[in-house]
Amino acid sequence: MPPAAMITQCLQKSVVMPAGRLAALPKRTVASALFCAAVVYFTHNAAAQSAYPVKPVRIIASQSAGGGVDTVARLLAARLSEVFGQQVIVDNRAGANGSLAAEITAKSPPDGYTLMLGAVGNLGVNQFFIKQMNYDAAADLAPITQVISSSSVLVTHPALPVKSVKELIALARAKPGTLAHGSSGVGGAGHLAGALFQSMTQTKMLHVPYKGGGPAMVDIIAGQVQFSFASTPTAIPNITSGRIRALAVTLAQRTRLLPQTPTIAEAGVSGYESSSWYGVVAPARTPQPIISRLAKVIVQIINRADATDALLKVGLEPHTSSPDVFGAYIKSEVAKWGRIIKELGITAN
């Protein structure tokens, strides 16, 4: 029987009475009315989910316009609009290493119309740096899919007398606490990559956080800081021009963007791996059919040749996953970086 006919038949069997007289109704009639209400609710809910989306969708980007997160969010928005036939807008909400964006997302209605493109900071490690978080990433956000897993690049100023990872380690051990590495900010991918490097090489270096990867790169080129674990979009143009020197990449395998550059593990730090990743999440309790549909569509979009080519051109490497796999990956990242942060006593100050 079609849902509409079922509802009509159910309603015909129900008796609508003032609330005060509900107790006077026979139990069978009350049960029938409650069953009817449940049928109406769940049928309506299922219909709404199957029709999703029926209005504009918002993607909150957890960084300012022009950055890697913004670039990916806009690519997704344009292609999702084509698939859904609905407007998909990007809402940039930078601040507190992405925590502002995550808080807004966590407190939005769980209906699939507010999504967020987040990163390791606001989906994982901010909890170790920010004492009073207004959201719980694990409890308040539902993973949909990872979309990017890119390498950071260990780069130095050409004047620094090192041409390999082993030489950098030797210099750092000879001058503990004096070599400075710049990053895009506390808790960012570059900061964490440097922290892991120090932990695994038993070296001590000075961390200099900036308000973004661009300002950090300016000071590396100027020689104000000696090295950095820079993002590939920021590093590659300056490596090509000779303004900085690439020593190694942070992924477990070489990146197709810098195929001649070894990994840090290959260069002598066995087991080293760190990635800069982005993923899409929704508010917790978003209906599973909507999560599943979004995951399927976004994975298809990112793996299309035109999208992959567009991402590679700006130094970002596509990497997609299922909601369950992405959720497990976030948990593993929190455990990994939480241990390093506690071990080194890293703070936001």
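Is the crossing of helices H8 and H13 left-handed or right-handed? Good morning. The model I present is predicted, so local features need pLDDT of at least 70 and side-chain atom pairs count only at pLDDT 80 or more, while totals for chains, interfaces and linings use all residues. Residues are numbered from 1 along each chain as its sequence is written, and side-chain values use heavy atoms, with hydrogens and water left out.

The crossing of H8 and H13 is left-handed, a term for a near helix turned anticlockwise from the far one by less than a right angle. Helices here are DSSP runs (H or I) of at least four residues, and strands are runs (E) of at least two, numbered from the N terminus. H8 covers residues 189–201 and H13 residues 323–344; they pack at about 65°, with axes 10 Å apart. Axes are lines fitted to C-alpha atoms, for helices over the stretch in contact, and angles run from 0 to 180 degrees between N-to-C directions.

Contact means heavy atoms within 4.5 Å. On the H8 side, Leu192, Ala193, Ala195, Leu196 and Ser199 take part; their partners in H13 include Trp337 and Ile340. The residues of this contact divide into eight nonpolar, one polar and two charged. Ala, Val, Leu, Ile, Met, Phe, Trp, Tyr, Cys and Pro count as nonpolar, Asp, Glu, Lys and Arg as charged, and the others, Gly among them, as polar.

I turn now to Ser276, in strand E9 (residues 275–283). Ser276 counts as buried because its relative accessibility is 16%, and buried means under 20% relative accessible area with a 1.4 Å probe, protein chains only. Beyond neighbours within four places in sequence, Ser276 touches Ile148, Ser149, Ser150, Ser152 and Ala189.

Definitions and conventions:
Buried means under 20% relative accessible area, exposed over 50%, partly exposed in between (1.4 Å probe, protein chains only).
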